[in-house]
Amino acid sequence: MTGAVGLMIGLAVWSKGQPETGGLGTVYANQGQEHIAVDAKHAAYNSFPATSGPHVAQPQPWGVFGDEVPDEKLVHNLEHGGVVIQYNPRLYEGSIDSLIAIQKKYPNKTVVAPNRQLKNAFTLTAWRRLYTLDSLDETKITEFIEKYKNRAPERFPD
């Protein structure tokens, strides 16, 4: 019996140290969740857009925005279990009505905003996870939100 308990504990410890496999997008190492002052210098994020790391104390309000939002605000939304949907208006010239409708389905868990530095038309981020799309795919966006919302250090009600 003692051997079985030891094996179970050993497997639990071992699996915690293993990289996450499968799923949508790329998993990045956790860069912590330190609060910083607005405009404070900090170490570079290990992903673009950021998926964890230093961020300001005030998150971005949930919703759809016409202006770009700094990573330092959006990371706080990710820390609260949110999903950020960014699009590059130079690579996607279509209507964002579908993104607005998706955001309305998840009003307390999503932010939609442009980001002209993206290399793809769309990038979705959740805590430690980044997923890119070259075209608008409502099914994949919804799947990402359903799979990764509320998978973060601080979970706030939907």
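A nonpolar core, as used in these legends, is a set of buried Ala, Val, Leu, Ile, Met, Phe, Trp, Tyr and Cys residues joined through side-chain atoms within 4.5 Å; buried means under 20% relative accessible area and exposed over 50%, with partly exposed in between (1.4 Å probe, protein chains only). The views show a predicted model, in which local features need pLDDT of at least 70 and side-chain atom pairs count only at pLDDT 80 or more, while totals for chains, interfaces and linings use all residues. Residues are numbered from 1 along each chain as its sequence is written, and side-chain values use heavy atoms, with hydrogens and water left out.

**View 1. The largest nonpolar core has 20 residues.** Look here for Ile85, Leu99, Phe122, Leu124, Ile141, Phe144 and Ile145, which have the most contacts inside this core. At least two core residues come from each of β5 (83-87), α3 (97-105), β7 (122-126), β8 (129-133) and α4 (138-148). Helices (H or I, at least four residues) and strands (E, at least two) are DSSP runs, numbered from the N terminus. Helix α4 gives the largest share, four residues. A second, separate core of eleven residues includes Val69, Leu78, Val111 and Ala113.

**View 2. Isoleucine 141 and its neighbours.** Leaving aside residues up to four places away in sequence, Ile141 touches Ile85, Leu99, Ile102, Leu124, Leu133 and Leu136. Contact means heavy atoms within 4.5 Å.

**View 3. Strand β7 is covered on both faces.** Which residues lie on each side of β7? Phe122, Leu124 and Ala126 are buried on one side, and Thr123 and Thr125 are buried on the other. Because five of its five residues are buried, β7 is largely enclosed by the rest of the structure.

**View 4. The strand partners of β7 are β5 and β8.** Two strands pair if DSSP finds at least two bridges between them. The β5 and β7 pairing is antiparallel, over four bridges, and glutamine 86 has threonine 123 of β7 as its bridge partner. β7 and β8 are also antiparallel, over five bridges; here threonine 123 is partnered by threonine 132 of β8. Two residues separate β7 and β8 in their hairpin, and arginine 128 in the turn has a positive phi of about 70°.

**View 5. Helix α3 has a buried side and a face turned away from it.** Ser98, Leu99, Ile102 and Gln103 are the buried residues of α3. They sit on the same side of α3 because they cover an arc of only 140° around the axis, taken from the directions from the helix axis to the C-beta atoms. Their cover includes β4 (63-64), β5, β6 (110-114), β7 and α4. Exposed Asp97 and Lys104 are carried on the face turned away from the buried side.
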